[in-house]
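Grab a pencil and have a go at these exercises. Try each task before you read its solution.

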Amino acid sequence: MENKVLSMLGLATRARKLVSGEFSVEKAVKEGKAVLVLVAEDASNNTKKLFTNMCAYYQVPMYVISNKESLGHAMGKEIRASIAILDTGFANAIMKHMDDN
């Protein structure tokens, strides 16, 4: 399951349909561009709390998944603690896989 989600993140990266990093994700959520937010399991408690509260307020689904290294690797970058998906198709596909497990 996790591998499918991570490979979809790679596709979304190449399609330029996601942003990563705390500031970019926060901006995408507040501007209403984010369709889905993913936060790494090993992100700090402050980061998880920030995105949990923000996503609840702005009614954006949020999942905790994998670890920072895997999220970054899936995007072809260094470690990433948070990712926002900007495309409905990618977001729905990822949520489907997350909800199935």
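This is a predicted model: local features need pLDDT of at least 70, side-chain atom pairs count only at pLDDT 80 or more; totals for chains, interfaces and linings use all residues.

Residues are numbered from 1 along each chain as its sequence is written, and side-chain values use heavy atoms, leaving out hydrogens and water.

**Exercise 1.** Work out how helices H1 and H4 pack.

Step 1: H1 covers residues 2-14 and H4 covers residues 68-75. Their axes sit 7 Å apart, at an angle of about 45°.

Step 2: That angle makes H1 oblique to H4 (under 35 degrees is roughly parallel, over 145 roughly antiparallel, 65 to 115 roughly perpendicular, and the rest oblique).

Step 3: Now list who touches whom, with contact meaning heavy atoms within 4.5 Å. H1 brings Leu6, Leu9, Gly10 and Thr13, while H4 brings Ser70, Leu71, Ala74 and Met75.

**Exercise 2.** Find the partner of Leu38 in strand E3.

Step 1: Strand E2 (residues 36-40) runs parallel to E3, and four bridges join them.

Step 2: Within E3, Leu38 has Tyr63 as its bridge partner.

Step 3: Tyr63 lies on the covered face of E3 (residues 62-65) together with Ile65, whereas Met62 and Val64 make up the uncovered face.

**Exercise 3.** Is Ser82 buried or exposed?

Step 1: Look for Ser82 in strand E4, residues 82-85.

Step 2: Ser82 has 2% relative accessibility, so it counts as buried (under 20% relative accessible area; exposed is over 50%, partly exposed in between, with a 1.4 Å probe and protein chains only).

Step 3: Beyond its neighbours within four places in sequence, Ser82 has contacts including Val19, Leu38 and Phe51.

Key. Axes are lines fitted to C-alpha atoms, for helices over the stretch in contact, and angles run from 0 to 180 degrees between N-to-C directions. Helices (H or I, at least four residues) and strands (E, at least two) are DSSP runs, numbered from the N terminus. Two strands pair if DSSP finds at least two bridges between them.
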